[in-house]
Amino acid sequence: MNSNKENLDLEEELFEHHRFEIPKGQALLRIDKYLMNMIENSTRNKIQNAATEGNIYVNDIAVKSNYKVKPFDVITIMLSHPPFENHIIPENIALNIVYEDDALLLINKEPGLVVHPGHGNYTGTLVHALAYHFENLPLNSSERPGLVHRIDKDTSGLLVIAKTEAAMTHLAKQFEAKTTEREYVALVWGNVAEESGTIEGNLARHVKDRMQMAVFADPEIGKPAVTHYQVLERFGYVTLIKCQLETGRTHQIRAHLKHIGHPLFNDERYGGHLILKGTTFTKYKQFIDNCFKALPRQALHAKTLGFKHPTTGLMMRFDTELPQDFQSCIEKWRNYSKSHATDEEDEN
């Protein structure tokens, strides 16, 4: 079922599955036709879908399926999972289970726990833990047990896990239809100008940095993404907000917030690990360093998750407290903003 795969929050890495160096005598040819002849068991439709998802690169730049291959081009097909993944060996890793019944379970994922195996993380993931605690979980379209959606390694918060094939299908359809409720809490750099707003913009892999997502004005590039936000508390140089997702694209909140000039606090991949607002005083730099130590990851927590139960049809809504590291960082900022004047006009 492709819709399930499309609505997953993909893991952060991309891996090379195919590589072709075009010889000198190659005539101009659409890349979808070229690859269909080069890759065993491929179809033109699959190749076109890969191009639409931004997974086909020529000379390190993502291209569309109508790109014309020419001599000396280097084509790479990059996917979000390694070409060969280790067999899942169950591991006794503790899970923070918020709710469980015969159809599903809710997990409050700890920061630092990788959701599924990938490059450099072939053990110790949530999938390994699920394999230990539960038998015969249904496989999603990526053949990963129980996963309906994902959040990044260093993002904490709620994940729903399907325990039956029927639950997997039902929940995936809800994510595809945008009927689920997903609310995150984020601490961002800068004094956000509006009390609330909506960020819209297609997301695709950054043309220069494959580990980042970026917003593109061209409607034919990437996938539509919509994030609503509302200010919760202001601390002068940073702002605490909540984000509600209409779509669940890769790094959606992280990329959207960077796009409007408010990267997540301590988000290394998107530049939030630098001091982006504030003073040049040494004491301020020490304060920021202490905040980074208190919250050694991006300041993002999947706080609320709502959906219809796949068996009963009843609407279910779950809410979690912010993790201690997040709370500690917020408290530091709250105390700082009370005792230090900040030039908020410069931050708007």
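F20 counts as buried, at 13% relative accessibility. This is a predicted model. F20 has an aromatic partner, Y34. Y34 is buried too, with a relative accessible area of 7%.

A second pair joins Y99 and F318. Here the geometry is tilted, at 5.4 Å between centres and 45° between planes. Y99 lies in strand β7 (residues 97-100) and F318 in strand β17 (residues 315-319), so this pair ties together parts that are 219 residues apart in sequence. Y99 is partly exposed, with a relative accessible area of 26%. F318 is buried, at 11%.

These pairs belong to a wider set. The whole structure holds twelve aromatic pairs. There is also an aromatic cluster made of W189, Y237, F265, Y284, F287, F292, W333 and Y336.

Now to the nonpolar cores. The largest has 30 residues. Inside this core, L126, L130, Y184, I241 and L257 have the most contacts. Several elements give two or more residues to the core, including strands β8 (104-109), β9 (156-162), β10 (181-189) and β14 (226-234). Also on that list are β15 (238-245), β16 (300-308) and the helices α4 (126-133) and α6 (252-259). Helix α4 gives the most, with four residues.

Take L257 as a way in. Setting aside neighbours within four places in sequence, L257 is in contact with A186, V188, I199, I241, C243, H262, P263 and L264. One of these, I241, is also among the residues with the most contacts inside the core.

A second, separate core has 21 residues, among them L187, L240, F265 and C291. F265 is also a member of the aromatic cluster.

C329 is in no disulfide either. Both cysteines are buried: C291 has a relative accessible area of 0%, and C329 has 0%. The disulfide count comes to zero.

Terms used: Residues numbered from 1 in each chain as written. Predicted model: local features only at pLDDT ≥ 70, side-chain atom pairs only at ≥ 80, totals over all residues. Heavy atoms only, no water. Core = buried A, V, L, I, M, F, W, Y, C linked by side-chain atoms within 4.5 Å. Buried < 20%, exposed > 50% of the residue type's maximum accessible area, 1.4 Å probe, protein only. Contact = heavy atoms within 4.5 Å. Disulfide = S-S within 2.5 Å. Phe/Tyr/Trp six-rings, centres within 6.5 Å; stacked < 30°, edge-to-face > 60°.
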